[in-house]
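Hello,

Here is the structure we talked about handing over. My notes follow it.

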Amino acid sequence: MKLASLNEGRDGKLVVVSRDLTRAALVNDIAPTLQAALDNWAEIEPKLQDRYRALNAGEVSDAFDFEQNDCASPLPRAYQWADGSAYVNHVELVRQARGAKMPESFWHDPLIYQGGSDSFIPPRAPIPLASEDWGIDLEAEIAVITDDVPMGVSPLAAEKHIKLLMLVNDVSLRNLIPNELSKGFGFFQSKPSSSFSPVAVTLDELDDAWRDGKIHLPLTSHINDELFGEPNAGIDMTFNFPQLIAHAAKTRPLGAGAIIGSGTISNYDRSTGSSCLAEKRMLEIVTDGSASTPFMRFGDTVRIEMFNKEGESIFGAIDQKVSKYPGAS
């Protein structure tokens with residue numbers, strides 16, 4: 001099943017979307033918003049699935065053309081957005097770039113930070129920032145949305161709480177990160193609002209690409225219409241999503257609608273490219289002694305998308321332009 005939220009009101013208007021992303025249908029009679037559906041998923045999900053099957057069969061009389069530009073993030077705001085860093089080879093490179101040694105514990109104890117979840121940017125809206133000097137970077141990722149997760153859940157039990165998958169652009173401001181982290185209190189200013197794909201999908205939409213708590217498909221990123229990277233999300237993922245969820249829920253329950261991110265997709269095989277500029281710059285430093293790739297500037301564009309084995313877009317595309325925040329001096 002594929003779901004989206006039209007960009008209406010603070011929490012959007014829930015629609016089911018056809019498998020080929022061409023048609024949609026309102027589901028107000030079932031659930032007005034995605035959060036409302038997740039709050040009572042066991043009862044609501046079968047009804048949404050019935051409407052989804054009817055939509056794909058051409059049996060919904062009031063279906064309409066689906067436009068990704070009309071979408072908010074599937075959850076326009078969320079009670080919880082926690083982003084992991086499951087590709088530890090990426091963590092190692094980025095820490096090396098800022099002269100920070102990586103503890104050995106990172107290989108067996110997941111990293112997660114708690115992001116701002118009150119103001120997600122729609123997937124086709126500009127990324128508004130006040131200064132290019134902040135070191136503007138994309139981070140192409142995958143995220144899961146859960147139902148209610150009990151505190152202390154095991155990784156084995158955590159997978160059943162994954163209800164939806166989506167893509168992420170976790171925007172990072174690289175030049176603000178070193179000073180902020182040096183205070184020993186984590187990210188805040190260096191992590192502005194994130195964006196998510198137009199469509200969220202249930203696990204069965206991935207067929208055999210979803211296994212072992214991972215998506216085994218490439219995640220494609222373009223910057224200014226040029227291919228930047230397409231690393232495989234199922235390769236070199238040190239911690240899978242059930243492990244990340246269990247880590248997040250060790251000392252607290254997670255409420256329905258919690259979003260857990262994978263962190264930047266990264267492969268040891270560097271021929272697949274990167275999912276963020278910081279990684280590419282670090283590889284340039286290792287190879288050439290200095291970074292030659294700049295961070296993003298106003299007017300630059302980023303597109304993040306994932307395709308199935310038939311070459312069809314699964315989640316739609318995050319397609320954005322970096323812009324100067326109108327209130328900036």
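How many residues does helix 7 have, and how far does helix 7 reach from its first C-alpha to its last? Helix 7 (residues 277-288) has twelve residues and reaches 16 Å, close to the 16 Å expected at 1.5 Å a residue. The expected span is 1.5 Å times one less than the number of residues. Helices (H or I, at least four residues) and strands (E, at least two) are DSSP runs, numbered from the N terminus.

Before the rest, the ground rules. The model is predicted: local features need pLDDT of at least 70 and side-chain atom pairs count only at pLDDT 80 or more, while totals for chains, interfaces and linings use all residues. Residues are numbered from 1 along each chain as its sequence is written, and side-chain values use heavy atoms, with hydrogens and water left out.

Leu277, Ala278, Glu279, Met282 and Glu284 of helix 7 are buried, meaning under 20% relative accessible area, against over 50% for exposed and in between for partly exposed (1.4 Å probe, protein chains only). Just after the helix, Gly289 takes a positive phi of about 90°. Glu279 also meets Arg270 in a salt bridge (3.5 Å, N to O), that is, a side-chain nitrogen of Lys or Arg within 4 Å of a carboxyl oxygen of Asp or Glu. Glu279 counts as buried because its relative accessibility is 0%, whereas Arg270 is partly exposed at 29%.

Other salt bridges

The count by this rule is 17 salt bridges. One of them joins the side chains of Arg77 and Asp11 at 2.8 Å, N to O. This pair links distant parts of the chain, 66 residues apart: Arg77 is in the loop between strand 5 (71-72) and strand 6 (81-84), and Asp11 in the loop between strand 1 (2-6) and strand 2. Arg77 is partly exposed at 34% relative accessibility, and Asp11 is partly exposed at 28%.

Asp147 and Lys163 form another, with the closest N and O atoms 3.8 Å apart. Asp147 lies in the loop between strand 10 and helix 4 (155-158) and Lys163 in strand 11 (residues 162-169), so the pair ties together parts 16 residues apart in sequence. Both Asp147 and Lys163 are buried. There is also a network of salt bridges that links Asp137, Glu139, Asp170, Arg174 and Lys191.

Strand 10

Val144 is in strand 10 (residues 140-146) and counts as buried because its relative accessibility is 0%. Val144 and Gly257 are 113 residues apart in sequence and 9.4 Å apart in space, C-alpha to C-alpha.

Regards
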